[in-house]
Amino acid sequence: MLALETSTFRNAMARLGAAVNIVTTGTREDPVGFTASAVCSVTDTPPTLLVCLNRASRAREAFVMGGPLCVNVLSATQQALSNHFASPNSMAERFATGHWTTLATGAPVLEEAVATFDCRISQIVEVGTHSVLFGVVEALRIHETAGGLVYFNRAYHALPHTAP
């Protein structure tokens, strides 16, 4: 079997739709955060998720020091916030937008998020160009009436809220 070209792999992965998230660590006084779509559930016992973070990211050092990790799932109306956190803005500029609070770990929590998973980093695995951060959920919050934001085929798409 021939090795896949990186561009072919990336083009195929662009068709794997994913929720858009702002992942944070630190504190409200010294926050760090970035936009991520590479987030998924690992297990519900104990409730654990994973986040993939590029090893070249300037946010990486704050996360690999251990401690809190908070996944803030963005709503259909928060595309601009996603772009703001994916830009070269300073951390202070990034966190000047939105309403930030904390839950159990002290990591910044976006009040307007569709769902928030407040975690402690339990393990970090280095794979190629990325660090895979495993977080055990200590607290969570759900906003029942907001639609979601997904990234598919290199574009944002709004998902409507539907009642369970």
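The exercises below work through charged residues, aromatic rings and strands in a predicted model.

Residues are numbered from 1 along each chain as its sequence is written, and side-chain values use heavy atoms, with hydrogens and water left out. In this predicted model, local features need pLDDT of at least 70 and side-chain atom pairs count only at pLDDT 80 or more, while totals for chains, interfaces and linings use all residues.

**Exercise 1. Salt bridges**

Find how many salt bridges the whole structure has, and trace those of Glu126.

Step 1. A salt bridge is a side-chain nitrogen of Lys or Arg within 4 Å of a carboxyl oxygen of Asp or Glu. The search of the whole structure finds four.

Step 2. One of them joins Arg55 to Glu126, with the closest N and O atoms 3.2 Å apart. Arg55 lies in the loop between β5 (47-54) and α2 (60-64) and Glu126 in strand β9, so this pair ties together parts that are 71 residues apart in sequence. Helices (H or I, at least four residues) and strands (E, at least two) are DSSP runs, numbered from the N terminus.

Step 3. Glu126 also forms a salt bridge with Arg60, at 3.0 Å between the closest N and O atoms. Here strand β9 is linked to helix α2, and the two residues are 66 apart.

Step 4. Relative accessible area is classed as buried under 20%, exposed over 50% and partly exposed in between (1.4 Å probe, protein chains only). Arg55, at 39%, is partly exposed, and so is Glu126, at 36%.

**Exercise 2. A second pair on β9**

Work out which residue forms a salt bridge with Glu138, and where the two lie.

Step 1. The partner of Glu138 is Arg120, the closest N and O atoms being 3.4 Å apart.

Step 2. Glu138 lies in strand β10 (residues 130-142) and Arg120 in strand β9, so the pair ties together parts 18 residues apart in sequence.

Step 3. Glu138 is partly exposed at 43%; Arg120 is partly exposed at 31%.

**Exercise 3. Arg94**

Describe the surroundings of Arg94.

Step 1. Arg94 lies in helix α4 (residues 91-94).

Step 2. Arg94 is buried and has no salt bridge; Glu93, the nearest side chain of opposite charge, is 7.2 Å away. In this count Lys and Arg are positive and Asp and Glu negative, with His and the chain ends not counted.

Step 3. Contact means heavy atoms within 4.5 Å. Leaving aside neighbours within four places in sequence, the contacts of Arg94 include Arg58, His84 and Phe85.

**Exercise 4. Aromatic rings**

Classify the pair formed by Phe85 and Phe95.

Step 1. Rings of Phe, Tyr and Trp (its six-membered ring) pair if their centres lie within 6.5 Å; planes under 30 degrees apart are stacked, over 60 edge-to-face and the rest tilted. By this rule there are five aromatic pairs.

Step 2. The centres of Phe85 and Phe95 are 5.0 Å apart and the planes are at 85°, so the pair is edge-to-face.
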